[in-house]
Amino acid sequence: MHVTKLLSLAVLLLTGESLASQCKNPPQRKEWRQLSKSERADYLNAVTCLAHKPDVTGGLQNATNLYQSFEATHSEQTPSIHWVGHFALWHRYFTATYERYLREACGYKGAQPYWNWALDASATDNSSMAIFETEIFDSDYGFGGNGKPFLPATAAENPFNLTGRTGGGCVQDGPFREGKFFLNVGQPKGESDCLRRDWIPWIMNYFARQSIIDHVESQPDYTSFARALENIPSFTQPNIHGSGHFGVGGVLGTLGNSAHSPGDPLFYMHHCNLDRVLWNWQQKDLPLRLHQVGGPIVPLDYSGQNVTLDFEINIGKLAGNATLEQLLNTQGDVLCYDYFSPQLAAPQDGGIHGKPGCGCDDK
Ligand SMILES: [Cu+2]
């Protein structure tokens, strides 16, 4: 058994955590490049499978399948789950429930993988396109590439006046390409849109750097952690949450849309990495950080009421309600997963460019 595992076991005993929880053999979450090609294919097939299972929300916002049930649930709650103390734990629960459906509804045997974008971000060159040349965007064993063609955006569509856009049209390759993968949520009944991407290199490189992850993981308490994770709703300062959303989704892309972002399967790869950052932060002082939350109930209301451990969140019809304290524990009665160790570490100069050297067996 790994030393850190032994330590966390000892910590659980000392803090009186229930070892009789229902979590046995938790799925081990890995970076995408730590998966073999057949494991990557299994994951992508399971996502496609979800899009062919029946919706569980009763057609919320015109959701027509189980994949879209998640997008609709997120869309419905968008105004109350961002810039709040429960942001990270709501998305933790949401992503873990997606992982559970992949396994239970679609026979997927693995864990939810994550995309550690810091492995690909350039620390020195914001215009580098290397971050988009990684295996994440592979058309056969990845999520496909940019949206094409380039589409101009109106001022109303681009309220932050973001520059450096490169796409906006439908994704043309990979398992979620136009004609293969359909997004109905928020569309008029009976109509669907394609998955769109609109890569913006400077946001991806600037917001996804290891130095910013380090800054977030070094915060002394939950309240400051949560605030560093989301930072401010502006593009004048980097925030790692914005990296995947606006680096990949840009202005016209699905992942850049605050309500509909879970329409891009990369949402779960991105949010799983943010969850790993939370998990890494918790591991630094687990006895304390299994029982600590903070941050506003009302978005951006930093002088108002804060969330507490018994604050309850819901994810609609996808699963039952859970308290923040339950969601702090990734191996308790509600959640059951772990992060695989060792994790791939980003080189100081940034950018492995698809060569992880992780010793993975490339079947
Ligand atoms: Cu969200």
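**Contacts and overall make-up.** I started with the contacts in this predicted model. Among those with a separation of 6 or more, 70% are between residues 24 or more positions apart. Burial came next: 45% of the 363 residues count as buried.

**Confidence.** I checked pLDDT before going further. The mean for the protein is 92, and 90% of the residues reach 70 or more. Over residues 11-19 the pLDDT stays under 50, and the model has 7 contacts beyond four places in sequence for them. Residues 349-363 are also below 50, but I find 33 contacts for that stretch beyond near neighbours in sequence. I'll treat the contacts of both stretches with care.

**Nonpolar core.** Which residues touch the most other members of the largest nonpolar core? I get Y93, W117, M204, I240 and L327, out of 80 residues in that core. Helix 4 gives the most to this core, with 10 residues. I followed L327 a bit further. Setting aside neighbours within four places in sequence, L327 is in contact with L89, R92, Y93, A322, V334 and L335.

**Helix 2.** I looked at residues 37-50 next. Helix 2 has 14 residues and reaches 20 Å from its first C-alpha to its last, close to the 20 Å expected at 1.5 Å a residue. Its buried residues are E39, R40, Y43 and L50. Looking down the axis of helix 2, I see these buried residues within an arc of 105°, so they line one face of the helix. A reminder to myself: an α-helix has 3.6 residues a turn, so residues three or four places apart point the same way. The cover over the buried residues of helix 2 includes helix 3 (66-77) and helix 4 (87-106).

**Helix 3.** I stayed with the neighbour. The 12 residues of helix 3 should span 16 Å at 1.5 Å a residue, and I find the end C-alpha atoms 17 Å apart, which agrees. Is helix 3 largely enclosed or largely open? It is largely enclosed by the rest of the structure, because 10 of its 12 residues are buried. I wrote down the buried ones of helix 3: L66, Y67, Q68, S69, F70, E71, A72, T73, H74 and S75. Helix 2 and helix 4 are among what covers them.

**Helix 6.** In helix 6 (residues 210-217) I have Q210, I212, I213 and V216 as buried. Down the axis of helix 6 the buried residues fall within an arc of 160°, so they line one face of the helix. What covers them includes helix 5 (201-207), helix 7 (222-230), helix 8 (240-248) and helix 9 (266-283).

An unreviewed UniProt entry places "domain: Tyrosinase copper-binding" at residues 264-275. In the model, I find that stretch to be 83% helix and 0% strand, with its end C-alpha atoms 18 Å apart.

Most residues other than glycine have a negative phi, and most peptide bonds are trans. I went looking for exceptions.

- The peptide bond from K148 to P149 is cis, with omega near 0°. I place P149 in strand 2 (residues 147-150).
- S341 and P342 are joined by a cis peptide bond too, with omega about 5°. P342 is in the segment after strand 6 (338-339).
- N62 is not a glycine, yet its phi is positive, about 70°. I found N62 in the loop between helix 2 and helix 3. With 18 other C-beta atoms within 10 Å, N62 is partly exposed.
- N231 has a positive phi near 50°, again in a residue other than glycine. N231 is in the loop between helix 7 and helix 8. I count N231 as partly exposed, with 19 other C-beta atoms within 10 Å; the cut-off for buried is 20 or more.

How values were computed:
Residues are numbered from 1 along each chain as its sequence is written. This is a predicted model: local features need pLDDT of at least 70, side-chain atom pairs count only at pLDDT 80 or more; totals for chains, interfaces and linings use all residues. Helices (H or I, at least four residues) and strands (E, at least two) are DSSP runs, numbered from the N terminus. The expected span of a helix is 1.5 Å times one less than its number of residues. The arc is that of the directions from the helix axis to the C-beta atoms. Two residues are in contact if their C-beta atoms, placed from the backbone, lie within 7 Å. A nonpolar core is a set of buried Ala, Val, Leu, Ile, Met, Phe, Trp, Tyr and Cys residues joined through C-beta atoms within 7 Å. UniProt positions are given in the numbering used here, feature names are shortened, and annotations may be inferred rather than shown by experiment. pLDDT is the predictor's confidence in each residue, from 0 to 100.
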